[in-house]
Amino acid sequence: MKKAKCNFCILQIQTSRSLPCREALKPNLVIFDIIAFLYLASMRAEFTQKTKEILAARVAYRCSYPGCSLLTIGPGHENEEAVTRTGEAAHIYAASENGPRPNPSLTQEQRSAITNGIWLCKNHARLIDVDTSNFSAETLLMWKQQAEKDTYRKLETLEREVVVDSETLIALQNSLVCSAKWLSAQPDKWVFEVGQFIEGDLQMLRNFAMEFPAIATWNKFILIESQGDGRELASFSWEQVEHGKIRIYCTVKPKAPRTSPHDQGGDIAIDDNFDIFFKDGDFATVQGMDSAIQDIKIHLSSQPGDYLYAPLIGSEIPRYVEKYKSNIPLLQRLIKIEIIRLLTVSLPDSSTKQPSPSLHYINRVLYVQVLEIDERQKLATINLSIEWGNQELWEGKIKLGVNTNRQVIDWNDDDL
Ligand SMILES: [Zn+2]
């Protein structure tokens, strides 16, 4: 090996050929990085400060992610005039050609237009760019419209937040859902103060108490959204206390036994469109936990009356989606309540089998998030987090059919 001169600087280096030395390469690499960064940055269509301010103001500086609504502006600590901003204007279609959710047909101008922005908190701005399979441009556009609509509604009606945090939603029947505050809870005696009615009204609550002994057992329950759990009711009474407040007293039955999702038998697999799924020219089948997940999907997508021989099977979810699609935060809570009903209430069974709740393999619902509503296909995608009957946790996406105009299916209960 001979000594040669670096072809970029004056240093002598040990080399067989004439090459740039290490020292000469270092600054060049840095310069190359800077050039590449500046080039890429110049290709990113950033929003102007004015566009960002308008995006934020149109949702009252709250995150547009369904159910988040985090405040993104407030006072800073440095001085009397300091303002802290924590929100971000996120791009619906990518800001550059290789960003998340790219759309090559857009011009630079369209990428930085206000129509391509959505206001989010920092965490959710990051989340949508990491997991692009869950968060399509269509989903983000829906959230944006939703958040702006909600903000407008609150502004127009001077509406307070629907339910404050210390409260929960409770349901006594499908047609009786309200916000409520826990006052006391003994193992089998629960007391609540009733807030705002979501479904039903005070008169219906009075009738419920009056007619209680005559009401079918599957139609009297207490479901508690914040607990993700519920019970069948043994007795019920109410009273009006000071300031016109309504207090309800519930005696609850023990919880029906839980099962493990792994013990769910096999079933014929269905696809997203509820058609039988074929694999290698034969019916595909699902077993155990997959069978339980499919069973959840079927129950949530069905409505009472869908099945001629089991008219009580099904949920209110398709109806709720239709009625509350413009208020996603409330819709999510109602869907959660409905899943709690299906895991709590035993339906009467004409066969000799012991009656048990439809979703007896779920112990508790942790949370429900509506990811997308496809109104054309009548499908709703939710993210569901549950604790199974054997205490294992599970979280995943489920696509639900939410068509409220369907025909009665002449199936036997055993087919479910
Ligand atoms: Zn957020």
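## Pairing of S17 and S18

Strand S17 (362–374) and strand S18 (residues 379–388) run antiparallel and are joined by 10 bridges. Strands here are DSSP E runs of at least two residues, and helices are H or I runs of at least four, numbered from the N terminus. Two strands pair if DSSP finds at least two bridges between them. Glu-372 stands opposite Thr-381 in S18.

This is a predicted model: local features need pLDDT of at least 70, side-chain atom pairs count only at pLDDT 80 or more, and totals for chains, interfaces and linings use all residues. Residues are numbered from 1 along each chain as its sequence is written.

## The open sheet

The sheet is open, with three strands in the order S17-S18-S19 and antiparallel pairing. S17 and S19 stand at the edges with a single partner strand each, so one side of each has no neighbour in the sheet. On average, neighbouring strands are turned by 20 degrees against each other, direction ignored. Axes are lines fitted to C-alpha atoms, for helices over the stretch in contact; angles run from 0 to 180 degrees between N-to-C directions.

## Helix H9 on the sheet

H9 packs on the sheet and touches S17 and S18. Contact requires C-beta atoms, placed from the backbone, within 7 Å. The direction of H9 makes about 140 degrees with that of S17.

H9 is mostly covered, with 15 of its 17 residues buried. Buried means 20 or more other C-beta atoms within 10 Å of the residue's own; exposed means 12 or fewer, and partly exposed lies in between.

Notes. Contact = placed C-beta atoms within 7 Å.
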